[in-house]
Amino acid sequence: MASTSTSLIPLRGHGLKASFSSSPAKTALKKALGFSFSSRSSVVICVKSSSGAVKYNEVVVDEEMDKIRRLQNGSDVRGVALEGEKGRTVDLTAPAVEAIAESFGEWIIKALQKERGRPVEDVTVSLGKDPRISGASLSVAVFAGLARAGCLTFDMGLATTPACFMSTLLPPFAYDASIMMTASHLPYTRNGLKFFTKKGGLTSPEVEEICDKAAHKYANRLTKVSTMLNSPPKKVDFMRAYAKHLRDIIKERVNHPIHYDTPLKGFQIIVNAGNGSGGFFTWDVLDQLGADTFGSLHLNPDGMFPNHIPNPEDKTAMALTRAAVLENTADLGIVFDTDVDRSGVVDNNGNPINGDKLIALVSAVVLKEHPGTTIVTDARTSMELTRFITDRGGHHCLYRVGYRNVIDKGVHLNQDGVETHLMMETSGHGALKENYFLDDGAYMVVKIIIEMVRMRLEGSDEGIGSLIKDLEEPLESIELRMNIISEPKYAKARGREVIEAFRSYIEEGQLKGWELDACGDCWVSEGCLVDSNDSPAAIDAHMYRAKVSNEKNEEIGWVHIRQSIHNPNIAINMQSSVPGGCQLMTKVFRDKFLLASGMGKTLDFSQVD
């Protein structure tokens, strides 16, 4: 008689139910299948002969668990929450979110017990969300998961990512933890989760641990969310307190000699909130401080984002803001991303300030206050930015791409006795030591506004753009993407193979004139992967930067290659100081590496072509 194998498949719709109420039956099936399930679980048992070849229990359960693990995107969780994206299926479902929220709640309770050395009760967690239309249903799943874990929950409603973190600090709220539901600048079909404790945002390894535990929960129970909450969340208006916090900072630091409570009187400031969560900054901060905000754009929250992507890197967002600034002869334009952890600005002459320019602007302000400080950025910033910082007496530390990496590097440098007041990525994520190392787009704008008012009080009408008038720009700069041709679960490993092969090709001298780059204490030649301290940060994505020279040993530019944290692709950034330099480096990269190594077979490199 042929041997048989059994499998467990979570029910979806109609099917035969097998109930296991007795302990011996549960124990026997647990032993046979290799994993446990709750007493409430219902399962479909499939019996296959060994000749059937497929072991359904392994394949199905592993695949169900992988669905949850693949939702991790660095230090966040992100996925498709709604139908409507070509080639993408919905994977951020209510059951998945409930399992992740429950695992986060358990993680928080365990961390607090370890920290306090005793059992903890009444652990409090707040939830905020951006205006995405999937937010309402997924919020129920978050509250259900947190309730399962034994947490008390608080509903902040429409909020920003920085506000969620601040809700763990500002009295009388001071929650033990917080979750922000957002997918930043991604399409309306996406959504995600960001996690905070009083110490800041969770790291990639911590989120990986939470998702791994959630994967077991998800595969271990009926895929149905617990919509009946025994104790519904308490609604709180934290955004009012957060806005007052920002207003007080501006008033205190400007310390206006004539009108202390309205220090922005006489300034016109235009805000483009992109229909995200940033409209509050206009009504509850700027207007209250006396600013004229006439001409502001897209302030009302709309989860479909009908006007443009809420993103300070988006050309449409910046162009519309620039036009509004010029039309109204405003002093400043502000662009927020959806959840307001990033921002960009437009000066009074209509010049967009984002990317390297924004880093330079904030660096100029910070270096006035903290001469000689170190400034951490990702390794895609220009050589011209390095000169701008060092010319003002600062130190520039290049580090891994990824805002969490950049911020954590600044934290570690300060712990090691290296004064580091600014950490900023080219995407617009920027954190300051004075603000809890929090990447807060609104706070970054507050910093710029305070400097703008101080300049006016000192008799200057040049505007904030004058602070970066000597910042040079690279002659050429490009970004290319190569999609990884692979099943999603294998994409990360495939990408790592390509990037490590790139490193090997350079080290072996197969790319003539290419050399792995280095910068001070953070070795880019190690892919920004090996820190100089005794506790190197965990690697969330592999990346390297190479400087490129011609036959005369004259440096013509650099190439940065990295594995995307959020998508199954590889990003290539290049900058060159000579005409045609980027095209030359791209051709060498394609012919001498992608084609010569055979790595191009697993990649769609049409953009490189």
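Predicted model: local features only at pLDDT ≥ 70, side-chain atom pairs only at ≥ 80, totals over all residues.
Residues are numbered from 1 along each chain as its sequence is written, and side-chain values use heavy atoms, with hydrogens and water left out. Local features need pLDDT of at least 70 and side-chain atom pairs count only at pLDDT 80 or more, while totals for chains, interfaces and linings use all residues.

**View A. Thr-321 sits in helix H9 (residues 315-327).** Helices here are DSSP runs of H or I with at least four residues, strands are E runs of at least two, and both are numbered from the N terminus. Thr-321 is buried, at 0% relative accessible area (buried means under 20%, exposed over 50%, partly exposed in between, with a 1.4 Å probe and protein chains only). Leaving aside residues up to four places away in sequence, Thr-321 touches Asn-272, Leu-297, Gly-333, Ile-334, Val-335 and Val-346 (contact means heavy atoms within 4.5 Å).

**View B. Helix H10 (residues 355-369) is mostly covered.** Of its 15 residues, 12 are buried, including Asp-356, Ser-363 and Leu-367. From first C-alpha to last, H10 reaches 22 Å, close to the 21 Å expected at 1.5 Å a residue (the expected span is 1.5 Å times one less than the number of residues).

**View C. Helix H11 (residues 383-391) has buried residues Glu-384, Leu-385, Phe-388 and Ile-389.** Seen down the axis of H11, these fall within an arc of 135°, so they line one face of the helix (the arc is that of the directions from the helix axis to the C-beta atoms). Their cover includes H10 and strands E15 (374-378), E16 (395-399) and E24 (569-576).
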